[in-house]
Amino acid sequence: MKRFTILSAICMLLSSSIAMAQQLDASWDLPEEKQTIQRVGDDVQDFEIGLGAGFATPLKFGSGMKLEAEARYNIVGSPWDLGLQYSALFVESPKYGIKFSSGAMYSAHVDYNWRNWNNVAPFAGLGAGYYNGEYLNPNNPLGHDGTTTKASNAFLSFRGGCEFWDHLRITAEYRLFFGGSPSVISIGVGWSFFGGHRK
């Protein structure tokens with residue numbers, strides 16, 4: 001009888017602990033009916049600032065890096081945001097003789113956000129911008145003598161990713177450069193300040 005009482009007490013304690021964990025967790029992997037903490041409204045701020053860095057590669061399998069800072073305007077009550085970004089890009093492909101660097105890229109972006117889970121928000125966006133840089137590509141079909149060529153032209157941006165916990169952003173981007181510079185794919189990690197939860 002005593003053992004039965006102790007086992008009953010342990011079971012009751014475990015049940016209450018599990019219930020409390022479910023109440024406090026409210027993560028995206030809990031069934032919807034168990035998410036007792038629901039954030040149903042918009043408490044996202046009008047403006048946020050994002051900083052990020054990541055790996056970048058031209059289409060001919062080189063390597064490099066990308067640094068960026070972006071100011072975004074969140075249209076509260078809608079899944080859209082608008083961004084202005086400054087970025088720097090440094091990539092090269094020794095196998096194909098490609099080098100491309102730009103310390104001044106200015107671009108505007110528009111993103112659409114999905115709030116499918118409490119702590120995960122996928123997004124996809126388009127952008128366009130202008131860069132000042134230089135590139136070396138002796139294998140370019142247009143023909144170069146191996147000297148560095150100054151490049152000042154436009155580019156298009158196609159990006160998508162996920163924002164976790166309203167702040168941590170993982171983004172994949174394809175930048176289509178004009179003016180002879182090699183197009184670049186990048187994968188980066190960033191952090192958004194002053195953002196908040198979007199419905």
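The model is predicted, and local features are given only where pLDDT is at least 70, side-chain atom pairs only at pLDDT 80 or more, while totals for chains, interfaces and linings use all residues. Residues are numbered from 1 along each chain as its sequence is written, and side-chain values use heavy atoms, with hydrogens and water left out.

Helices (H or I, at least four residues) and strands (E, at least two) are DSSP runs, numbered from the N terminus. Along the sequence the order of elements is α-β-β-β-β-β-β-β-β. The chain has 199 residues, of which 37% are buried; buried means under 20% relative accessible area, exposed over 50%, and partly exposed in between, with a 1.4 Å probe and protein chains only. The accessible surface amounts to about 11,500 Å², and carbon and sulfur atoms account for 67% of it. Accessible areas come from the Shrake-Rupley method with a 1.4 Å probe, and for residues only the protein chains shown count as cover. Of the contacts (heavy atoms within 4.5 Å) between residues at least 6 apart in sequence, 55% join residues at least 24 apart.

Two cavities of 30 Å³ or more are found in a search of the whole structure. A cavity is a set of points, on a 1 Å grid over the protein atoms alone, where a 1.4 Å probe fits but cannot get out; lining residues have an atom within 4 Å of a point. Grid points are joined across faces, edges and corners, and a volume is the space filled by probe spheres set on the points. The largest cavity has a volume of about 210 Å³. Its lining comprises 21 residues, and those closest to the centre are Gly 52, Glu 68, Thr 171, Gly 188 and Gly 190. At least two lining residues come from each of strand 1 (47-58), strand 2 (63-74), strand 7 (168-177) and strand 8 (184-193). Strand 8 contributes the most, with seven residues. The lining of the largest cavity has five nonpolar, nine polar and seven charged residues. In this classification Ala, Val, Leu, Ile, Met, Phe, Trp, Tyr, Cys and Pro count as nonpolar, Asp, Glu, Lys and Arg as charged, and the others, Gly among them, as polar.

The second largest cavity has a volume of about 100 Å³. It is lined by 14 residues, with Glu 48, Asn 113, Glu 163, Gly 196 and Arg 198 nearest its centre.

Leu 84 lies in strand 3, which spans residues 80-93, and is exposed at a relative accessible area of 60%. Beyond four places in sequence, Leu 84 touches Ala 69, Glu 70, Ala 71, Ser 107 and Ala 108. Gln 85 also lies in strand 3 but is buried, with a relative accessible area of 3%. The side chain of Gln 85 makes polar contacts with the side chains of Glu 70 at 2.8 Å and Arg 175 at 2.6 Å. A polar contact is a pair of N or O atoms within 3.5 Å; within protein, one must be able to donate a hydrogen and the other to accept it, and residues adjacent in sequence count only if both atoms are side-chain atoms. Leaving aside neighbours within four places in sequence, the contacts of Gln 85 include Lys 66, Met 105, His 109 and Arg 159.

Thr 57 belongs to strand 1 and is buried, with a relative accessible area of 17%. The side chain of Thr 57 reaches the backbone oxygen of Gly 62 at 2.8 Å. In strand 5 (residues 120-136), Gly 133 is buried at 16% relative accessible area. Gly 133 and Ser 101 are 32 residues apart in sequence, with their C-alpha atoms 5.6 Å apart.

The loop between strand 6 (149-164) and strand 7 holds Trp 165, a residue other than glycine with a positive phi of about 55 degrees. Trp 165 is partly exposed, at 47% relative accessibility. Asp 166 lies in the loop between strand 6 and strand 7 and has a positive phi near 70 degrees. Asp 166 is buried, with a relative accessible area of 6%.

Terms used. On a 1 Å grid over the protein atoms alone, a cavity is a set of points where a 1.4 Å probe fits but cannot get out, and a pocket is an open set with protein on both sides within 12 Å along at least five of seven lines; lining residues have an atom within 4 Å of a point.
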